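Hi there,

Here is the structure I promised to pass on to you. Could you have a look at it alongside my notes below?

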Number of protein chains: 2
Amino acid sequence: MPSKHWTEIAAEKKGRQAASIPKEWILTNLPSKDTLNVVGFPEKSGLLTAKEVEITNTEVEVLLDKLAQGTWSSVEVTTAFSKRAIIAHQLVNCLTEIFIERALVRAAELDEHLRTTGKVVGPLHGLPISLKDQVNIKGLESTLGYVSWIGRYADKNAVLADILESCGAVLYVKTNVPQTLMWIETYNHIFGRTLNPHNRSLTSGGSSGGEGALIGVGSDIAGSVRIPAAFNGLYGLSPSHGRIPYAGCVNTSEGQDSVLSVLGPLANSLSAIKKFMKAVSSQTPWLKDPLVIRKPWDEEEYRLSDHGKDGPLCFVIDWKPLKHGEIYNAIVNIWAAGAAEDYHASILPSGEPLIANMSPAAEEPDYSGATVRPFVRPEGATAYQLWQTQRKRTELRQEYLDHWNATVASTGTGRPVDAIISPCAAHVAAPHGMAKTPSYTMIWNALDYTSLALPTGLSVDPALDTKKPAHKFFTEMDKVNYDFYEANTFKDAPISIQVIGQNMEEEAVIAIGEVIDFSLKAHSGI
Amino acid sequence: MPSKHWTEIAAEKKGRQAASIPKEWILTNLPSKDTLNVVGFPEKSGLLTAKEVEITNTEVEVLLDKLAQGTWSSVEVTTAFSKRAIIAHQLVNCLTEIFIERALVRAAELDEHLRTTGKVVGPLHGLPISLKDQVNIKGLESTLGYVSWIGRYADKNAVLADILESCGAVLYVKTNVPQTLMWIETYNHIFGRTLNPHNRSLTSGGSSGGEGALIGVGSDIAGSVRIPAAFNGLYGLSPSHGRIPYAGCVNTSEGQDSVLSVLGPLANSLSAIKKFMKAVSSQTPWLKDPLVIRKPWDEEEYRLSDHGKDGPLCFVIDWKPLKHGEIYNAIVNIWAAGAAEDYHASILPSGEPLIANMSPAAEEPDYSGATVRPFVRPEGATAYQLWQTQRKRTELRQEYLDHWNATVASTGTGRPVDAIISPCAAHVAAPHGMAKTPSYTMIWNALDYTSLALPTGLSVDPALDTKKPAHKFFTEMDKVNYDFYEANTFKDAPISIQVIGQNMEEEAVIAIGEVIDFSLKAHSGI
């Protein structure tokens with residue numbers, strides 16, 4: 001056991017984090033805790049110049065053009081985004097590692113390169129990108145919110161960090177996660193809780209909850225990109241496994257090779273998502289990470305070559321979910337097979353307790369019964385038992401593919417349905433502690449399908465979104481979710497949807513997403 | 001327990017197999033058991049007409065042209081190959097399911113289609129293809145050599161069987177395997193032992209040992225395509241996982257999702273291997289099997305776009321194996337984690353013993369200690385223990401990729417080494433019971449690299465290939481392999497090599513194989 005209590009070690013780390021914030025950016029005019037919607041605050045904070053407001057409100061594609069033309073320098077852009085990130089952090093507590101000084105050195109090098117060669121370093125030249133805490137950056141910690149991991153400094157970059165730097169990106173902050181990652185809210189014993197900027201009484205989602213408040217890279221094994229994207233009104237892509245390199249990231253339950261976590265972008269525009277995917281692919285990540293598939297970005301697939309090109313698309317409105325309960329159970333059993341031992345290996349060395357509840361009341365909780373939580377079975381499983389579950393899951397994948405293909409009989413296009421449109425969760429961003437299950441998102445992880453969270457541009461309006469009469473509940477969880485809905489509680493929470501394509505359909509899903517996004521914007525007049 | 005003894009059930013099945021052989025093809029002029037090399041016998045058997053000899057000696061590409069032009073009918077070609085397969089079976093015992101009548105009906109339909117439409121059904125129109133016993137064909141058994149699986153008739157085709165039929169292929173026989181599949185020799189309690197046609201005192205290899213004697217589709221998790229190919233002087237491709245659909249095949253240790261078996265072709269020409277790969281890819285298998293990668297055959301990669309196009313290739317002659325022992329142990333530990341329980345689930349219901357030794361002396365063995373055999377640990381492992389091994393394996397994959405990339409410093413091409421050339425095994429086809437380890441092949445399965453077995457055109461000549469003086473042995477197994485070498489024992493055994501590319505490099509490996517094949521043929525004057 002360490003000589004210091006874990007709370008002391010966590011506090012020291014939190015202190016180091018506080019010290020990494022430029023002092024002149026610490027605000028004294030923060031809104032009171034009672035101010036729930038803080039989305040408009042950064043622009044009114046007084047810290048950002050008019051130009052910095054303009055820069056941070058510019059769409060990524062335009063921003064990249066201006067950076068490439070030298071209209072705006074990377075130092076200017078990085079300063080603007082860093083300031084805005086620090087303001088956000090003071091409002092919603094979204095960051096873990098903060099390394100702005102280092103980012104500005106890098107930005108200056110990029111500016112110098114452009115000035116002397118007239119050329120950009122790569123397709124993301126000068127653009128600040130934040131990374132979920134999991135992504136190793138040389139010389140920085142990746143604690144994942146585990147007290148026992150404090151002091152583990154990465155000796156090299158994760159492959160994605162290298163690739164983004166090769167593309168010209170500027171890394172400047174890492175973002176918060178829940179302990180163990182396996183939550184759809186964001187709270188841990190080192191960095192605390194991340195709040196939703198639209199309504200701070202609501203969760204930012206998880207596990208890429210820190211990303212939800214900014215723009216950057218998250219990871220998704222059950223909805224951890226799409227749920228924060230949806231809860232924060234952002235675009236978020238959960239690609240199929242093997243498109244974006246994961247090598248060199250830290251993770252929980254490493255060695256669980258069956259239902260795998262993937263990295264994916266969150267952004268405030270779909271064009272930024274596309275830009276990110278194309279940029280990473282342009283760096284032949286399959287030559288750097290052995291788990292990445294040798295499949296370059298396919299412009300033909302983006303032009304919907306497998307979806308009738310310019311013809312009409314078909315989304316079966318009344319999708320019949322096939323055995324979602326069985327699929328859910330299969331992957332929960334896969335994760336639970338070794339989760340308890342895995343978590344204990346990371347929490348026992350420091351003595352910190354396993355978080356068993358995301359409720360704020362549990363921030364100083366009675367930890368009895370703390371080993372009982374979602375996706376954990378203390379007894380674990382044997383390898384042979386795990387194989388039986390994995391076999392079942394493969395059978396379900398085949399059944400689902402056949403089910404999808406069978407829709408050819410009802411679409412009228414001669415093709416099966418082109419994509420599925422669904423909610424991202426049973427609810428919009430929930431009050432802290434109330435977001436219980438990623439059942440709408442994790443099904444697609446189980447099938448390794450491509451899935452995109454897409455904001456509708458709408459948010460909860462208590463005057464319009466009154467509680468509906470009770471329906472016949474499918475499950476106990478259905479009732480729990482119904483019961484906690486009160487329109488006022490969810491004021492201003494963004495409303496999002498999810499677009500789901502088949503395995504490795506990143507190009508097509510982005511293209512179909514653009515069609516839907518255009519229609520939504522045309523409809524809502526946003 | 002069943003009412004009949006397992007030996008009786010096995011004998012009944014073997015009897016049904018015998019009854020499925022057309023009576024007029026049963027030979028009475030078979031060479032004596034002392035005749036070891038039977039490669040030339042089929043042509044002298046008297047059963048094949050001159051035209052049938054010509055047909056069965058024709059290269060697949062030419063054969064397909066003649067079939068497409070209607071020069072030869074599919075009925076003619078299927079009859080010729082069926083006869084030759086049945087002759088081979090009487091010489092080396094290579095078949096499991098025999099369904100020639102059904103194949104001829106199918107062939108007649110294909111002929112009729114060509115006659116009436118003037119078009120081929122697909123790129124393999126009229127071509128007979130054999131399949132390893134694992135590949136389900138509707139209405140037939142896939143016993144895998146397990147007595148308890150006798151009577152399990154497939155209710156539908158495996159995806160690959162469907163795809164081959166869509167391509168116009170004619171399925172006509174299935175081929176023998178070792179019990180549990182996890183051997184590099186071929187023997188089970190139902191169908192017995194498959195022999196090597198070049199020297200029947202030697203093994204045909206395994207686990208696709210029945211395929212080794214013909215042309216068709218095998219599977220490979222540790223060398224099971226390449227070793228039979230090498231031992232029989234054939235070409236054999238072990239693709240990366242996700243190129244050829246495996247769905248609907250039976251297997252051992254199903255649900256083991258980490259180091260996976262792949263299907264791949266064995267053939268007597270490299271152009272046939274290419275033809276097969278292109279044909280399967282042309283049927284968009286990723287829309288039929290959820291584990292197939294959405295990656296069409298890439299003609300650019302075949303033209304070596306990633307390997308300098310028409311420039312010189314570089315193979316580092318002295319490849320430094322990186323941690324092959326650790327890689328070997330990692331995947332053995334993965335397979336062993338649940339193997340004992342898996343095997344018991346298939347052998348206990350019939351009461352047949354687990355085969356613990358491939359020696360002919362063990363065909364009527366004392367089965368004590370029968371649970372101790374390669375790749376099995378009776379105690380198994382927990383899921384968490386398995387994850388730790390899988391994690392280690394992923395780390396080793398990364399290290400190997402970095403190791404490969406580092407060769408850029410020594411090739412002179414500006415690229416890392418284009419491929420590795422290695423032996424397929426520590427020895428050519430070994431005497432029955434003596435082929436102990438697939439250590440030269442399974443490394444590449446662990447890394448999920450593409451690997452191609454390629455015959456040199458040479459075979460063991462006892463006058464030339466005398467025993468070399470003893471060297472310093474790397475391991476105990478190295479000494480075992482050295483000790484059993486006596487030139488006369490291995491007379492006529494084919495000598496092969498293996499060409500290894502990186503993950504998903506099927507196109508490039510075939511193209512590089514063609515360069516090497518051409519050089520070998522030019523050199524040896526074959």
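**The sheet in chain A**

Strands β1(A) and β3 (residues 170-175) of chain A pair in the antiparallel sense over 2 bridges; strands pair if DSSP finds at least two bridges between them. Within this pairing, Ile98(A) has Val173(A) in β3(A) as its bridge partner. Before going further, please note that this is a predicted model, where local features need pLDDT of at least 70, side-chain atom pairs count only at pLDDT 80 or more, and totals for chains, interfaces and linings use all residues. Residues are numbered from 1 along each chain as its sequence is written, chains are lettered from A and ligands numbered from 1 in the order in which they are written, and side-chain values use heavy atoms, with hydrogens and water left out.

Back to the strands: an open sheet of 9 strands in chain A runs in the order β1-β3-β2-β6-β8-β7-β10-β11-β9, with mixed pairing. Its edge strands are β1 (95-98) and β9 (420-422) of chain A, each pairing on one side only. (Strands are DSSP runs of E, at least two residues, and helices runs of H or I, at least four, numbered from the N terminus.)

**Two helix pairs**

In chain A, the axes of α11 (residues 324-347) and α12 (residues 383-405) come within 9 Å and cross at roughly 150 degrees. Axes are lines fitted to C-alpha atoms, for helices over the stretch in contact, and angles run from 0 to 180 degrees between N-to-C directions. The contact (heavy atoms within 4.5 Å) includes Ile327(A), Ala330(A) and Ile331(A) of α11(A), and Leu386(A), Leu396(A) and Tyr400(A) of α12(A).

In chain B, helices α9 (residues 270-282) and α16 (residues 506-524) pack at about 165 degrees, with axes 10 Å apart. α9(B) and α16(B) are therefore roughly antiparallel, a term for angles over 145 degrees. Leu270(B), Ile273(B), Lys274(B) and Met277(B) of α9(B) make this contact with Glu506(B), Ile510(B), Gly513(B), Glu514(B) and Asp517(B) of α16(B).

**Where the chains meet**

The contact between chains A and B takes 48 residues from chain A and 48 residues from chain B. Together they bury about 3800 Å², 53% of it on carbon and sulfur atoms; buried area is the accessible area (1.4 Å probe) that two parts lose on being put together, summed over both. On the chain A side, Arg294(A), Tyr384(A) and Trp387(A) supply 22% of the area buried against chain B, more than any other three residues.

Best wishes

Terms used:
Parallel < 35°, antiparallel > 145°, perpendicular 65-115°, else oblique.
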